[in-house]
Amino acid sequence: MARRWRSAPGSTITRLARRRVRAALPGLAAGWGSIATQRIRRRATLGGNLMARRTRYEMSVMLGALDAELDFLTLDGTVTVSPAALWDRAEPPGGLLRTVRITDVRRVWFGYERSMRPLMTVAAAVRAGTVTMAVGSEYTRPYTVDAPLGTDPTEIAAALPEAIGDAAGSARYRRHVAAVLLGRLLERRTTGEGTPR
């Protein structure tokens, strides 16, 4: 199995959910396979999903939890940023998204929970003793929190900023939902669901 996974931004979501991603990160393939409709998945691209910066698009939530790296081609060479940098408009001016990379995929477990959508979706990645949780909704930008593996999901969710709250749900309520969904995801991990075979 590959140590890293990379894709061109023009890859469709359907193409990404196929064999290569399923072998490396089955939880990511399952998450990608659950978003949008079949018709949209056949046409929508990874790069389009990211660069549109629409809060309702889910790819930046998933890739944020996986600490993905986005390579932009510029006149001065390649510049690498995180998915969160797109929300801060920190990508290089005039840069062209060239590659999306996830490193060390052999040592990462990933799960995605969207049962509370549109209020909230939660992505979780476990790597080297660390849990990375990314949360998003149709109304607010994604946020990411890291914590040592074994930390109570309620404590992890408590680190989410006040900015996750809005008219559809307070920050307190969203933290509660995030803790519940993260707990579900970590339970799936302990049962082996989403583990590469």
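View 1. Helices (H or I, at least four residues) and strands (E, at least two) are DSSP runs, numbered from the N terminus. This is a predicted model: local features need pLDDT of at least 70, side-chain atom pairs count only at pLDDT 80 or more, and totals for chains, interfaces and linings use all residues. Residues are numbered from 1 along each chain as its sequence is written, and side-chain values use heavy atoms, with hydrogens and water left out.

**View 2. Helix α9 covers residues 171-190.** Its 20 residues reach 28 Å from first C-alpha to last, close to the 28 Å expected at 1.5 Å a residue (1.5 Å times one less than the number of residues). Buried residues of α9 include Arg-174, Arg-175, Leu-181 and Leu-185 (buried: under 20% relative accessible area, 1.4 Å probe, protein chains only). The buried residues of α9 pack against β5 (108-113), β6 (121-127), β7 (130-136) and α8 (153-158) (contact: heavy atoms within 4.5 Å).

**View 3. The largest nonpolar core holds 32 residues.** A nonpolar core is a set of buried Ala, Val, Leu, Ile, Met, Phe, Trp, Tyr and Cys residues joined through side-chain atoms within 4.5 Å. Leu-28, Trp-32, Leu-50, Leu-63, Ile-102 and Phe-110 touch the most other members. Helix α6 (residues 59-65) gives the largest share, 5 residues. Another core, of 24 residues, lies apart from it; Ala-124, Val-131, Ile-156 and Ala-157 are among them.

**View 4. Leu-50 and its contacts.** Leu-50 touches Met-59, Ser-60, Leu-63, Leu-70, Leu-86, Leu-97 and Val-100. Residues up to four places away in sequence are not counted.

Note on methods. Buried < 20%, exposed > 50% of the residue type's maximum accessible area, 1.4 Å probe, protein only.
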